[in-house]
Structure formats: C-alpha cells, structure tokens
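Please look through the sequence and the model shown here before reading on.

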Amino acid sequence: MQDNNKTLGEFIIENQKDFPYSSGELSRIFNSIKLAAKVVSYKVNKAGLVDIIGGVGEKNVQGEDQQKLDVYANEVFIQTLINREIVCGIASEENDDFITVEGSDNSHNNKYVLLMDPLDGSSNIDVNASVGTIFSVYRRITPVGTPVTLEDFLQPGINQVAAGYVIYGTSTMLVYTTGCGVNGFTLNPAIGTFYLSHPKMQVPVDGSIYSVNEGNYIHFPQGVKDYIKYCQMEEEDRPYTSRYIGSLASDIHRNLIKGGVYLYPTSSKAVKGKLRLLYECNPMAFIVEQAGGKASDGVNRILEITPTELHERSAFFCGSINMVNKIEDCMLQAKLSKY
C-alpha cells in the first residue's frame, strides 16, 4: 500500500509501539481529535454563509476578544474528549482553569491530560484566511484514580507524549508527533477520512523566510531588531522573504515545509511575550524539533522551561535550526554590547 493511501487510523495502529505507555489510548485520543477537527473544519468552511463569524462580545482569560468560532471550537473539542472518556483533564487557552474529567463511574482512571488552543488565529476567520487548532498530550503526574491537579498541567515540554496541529485552509491537514518523527495527514472531505500526505516531515536546516509582525518592530528588543535587519540585507543569499499570516499553525506549517523561522519576541507592549507556553509554544517546539528544527525563547530551549502558571507566556523563536541559532547570537551580541 502506498503511503498516500494510508489512513490516519491505520498509521496510528501500525505505529502503536511508539507510544509505549498506551494500551489503546493514543488511538482513542486521536480519534476524538480528528472527529472534532472535522466538525470545526465544516463550520470554518461555512463561515460567511451562517452566523458563525464575528465576536461574541466577551473576552477570554487572556483579555482577548472571543470570536464565535473560538467558543464553538472550544466546546466541540472539550465535549468530544469528555464524551469519549479518554483523558482525565483538559486545559484550554479559552478557559480560566483546567477541567477535571471523570469517568462514567465517577472514577479518575485515565492517564493523560490534553492542553489546546482550539482555534489559533481566529481573527483571520472574518477575512477568509487560514486558522488552526494546536494540541498537546502529557502523561499525568498525580496517581491514577485521583482527580487531576494543576501539577499535571505544569510540566515542561520535554514531558509531552504527543503534540500536533490542525490547519483549516485550502485543505484541512492534521500534523502530529509522538516523539518518533512528524507526519501530516490531509482530509478527504468527500468521505471524511484523513490520509497520510506528508510522511516523515523535515524542516530544512537553512531557510529564506522570516515570519514576524514587523508592525511591532519599534517595540522589539535590540537583538531581534538586529536579526530583522540581517534578514533584509543584500548579502549572500539575502534578503530573505517576509511571510506572516498571523496564525501560528499556518506560519509554522509553511516554514516547516519550505524552511524558515517564526519570531514572536517579548516587546515593550508584551514584556513576557504574547504566545502561551503550554498551548502554543510547547506543542510547536516538540513538532519542529522532531522535524529537525529548533525552538527557543532567545536564550533557553523552549521544551526545558518549567511553567509556573496555566496561562504563562513566552518569547518564541522556532524553525530552521541555523536561523534560530542566528537569532540567539544576535540577542547575545546585543546583550553584550550593553556592557
């Protein structure tokens, strides 16, 4: 059988050995994710035809305006996971606190927690640009049979057992890793099945794309300003191309395939950064590292940061390894030049 004829379900079953602690949970978790993704994909593709675009007039825990599809996607993923009784806890960017999931017999015997950004880049919906879902899976720390606690969610990214994203664009794609490489699956909407379309994804070690909101340039640290100037210089293989969609999943996906780097630094407007460590940075860092890339906060490896709060933010530089190394060098040189 050719890879492009292999379904997501078949692929997971064949690679179950890569998920050593699982006795079928991985398949069940991904079955829930792909079901919820198909429901959200259907709604995204109907945006403009039904009353699903625009804001709901409320703000999430981040103080950001909630879009109708934010709320819808959040509810779909949470209810799908709860109904299937697969995980013992869920944390979402859209919720103030984590959700404890009990079994139908009031037990707490499931082994995994799931963290997610249910609709990344939702402000793009109104203008028909790509959006996505980002998710991350950890093995619980607290004893099986007891309710989950905050400790189960505040784990460093190196503890992830699976992570992935779904892109709702010209086609709907699900990309994931369990620590044994990265594979991408494209949805055939005619029959509702995900097929392996991008096996063994690898990010080039060098790239020619930098993705950053340059409108915030004046607010960036000097090291980031220096790197952007470096990207724009007419030397060697530069200037690089600037490409920024404003949806993390879409920007990372493009650079993963073509080679490039994504930047969301701290700034004078967001001194701790804007992206969420648990819901965005960790899963994307896990995926990109598994594809041969690198993810950093400018100094530290993202996956080695121990979070202290559920909605912690971080600077984020992620993509082709040589490009991230150059960013770290620019930031170090800028720091040294102060002394």
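## Cysteines

Is C88 buried or exposed? With a relative accessible area of 2%, C88 is buried, where buried means under 20% relative accessible area, exposed means over 50%, and partly exposed lies in between, using a 1.4 Å probe and protein chains only. Residues are numbered from 1 along each chain as its sequence is written, and side-chain values use heavy atoms, with hydrogens and water left out. This is a predicted model, in which local features need pLDDT of at least 70 and side-chain atom pairs count only at pLDDT 80 or more, while totals for chains, interfaces and linings use all residues.

A disulfide is a covalent bond between the sulfur atoms of two cysteines. Here a disulfide is taken to be a pair of cysteine sulfur atoms within 2.5 Å, and by this rule the count comes to zero. C281, for instance, is in no disulfide, and the nearest cysteine sulfur, that of C318, is 8.6 Å away. C281 counts as buried, at 0% relative accessibility.

Two packed helices are described by the angle between their axes and the distance between the axes. Helices (H or I, at least four residues) and strands (E, at least two) are DSSP runs, numbered from the N terminus. Axes are lines fitted to C-alpha atoms, for helices over the stretch in contact, and angles run from 0 to 180 degrees between N-to-C directions. The axes of helix α2 (residues 25-45) and helix α3 (residues 68-83) come within 9 Å and cross at roughly 155°. Angles under 35 degrees count as roughly parallel, over 145 as roughly antiparallel, 65 to 115 as roughly perpendicular and the rest as oblique, and α2 and α3 are therefore roughly antiparallel to each other. Their crossing is right-handed; a crossing is right-handed if the near helix is turned clockwise from the far one by less than a right angle, and left-handed if anticlockwise.

Contact means heavy atoms within 4.5 Å, and among the residues of α2 that meet α3 are I33, L35 and V40, while those on the α3 side include L69, Y72 and F77. By class, this contact of α2 with α3 has 13 nonpolar, two polar and one charged residues, where Ala, Val, Leu, Ile, Met, Phe, Trp, Tyr, Cys and Pro count as nonpolar, Asp, Glu, Lys and Arg as charged, and the others, Gly among them, as polar.

## F30 in helix α2

F30 is also placed in helix α2, and at 1% relative accessibility F30 counts as buried. Leaving aside its neighbours within four places in sequence, F30 is in contact with I12, F135, A162, L174 and Y176. The C-alpha atoms of F30 and G164 are separated by 10.0 Å, although these residues are 134 residues apart along the chain.

## Helices α4 and α7

Helix α4 (residues 222-232) packs with helix α7 (residues 321-336) at an angle of about 130°, and their axes are 8 Å apart. The two helices are therefore oblique to each other, and the crossing of α4 and α7 is right-handed. V224, Y227 and Y230 are among the residues of α4 that meet α7, whose own residues in this contact include M323, I327 and C330. The residues of the contact of α4 with α7 divide into eight nonpolar, two polar and two charged.

The buried residues of α4 include V224, Y227, I228 and C231. What covers the buried residues of α4 includes α7 and the strands β11, β13 (261-264) and β17 (316-319). In strand β11 (residues 209-211) lies S211, which is buried, with a relative accessible area of 0%. Leaving aside its neighbours within four places in sequence, S211 is in contact with residues including R243, D251, R254 and Y262.

## Helices α5 and α6

Helix α5 (residues 248-258) and helix α6 (residues 277-290) pack at an angle of about 15°, with 12 Å between their axes, and they are therefore roughly parallel to each other. The crossing in which α5 passes α6 is right-handed. L248, A249, I252 and L256 in α5 meet E280, M284, I287 and V288 in α6, and by class this contact has seven nonpolar, no polar and one charged residues.
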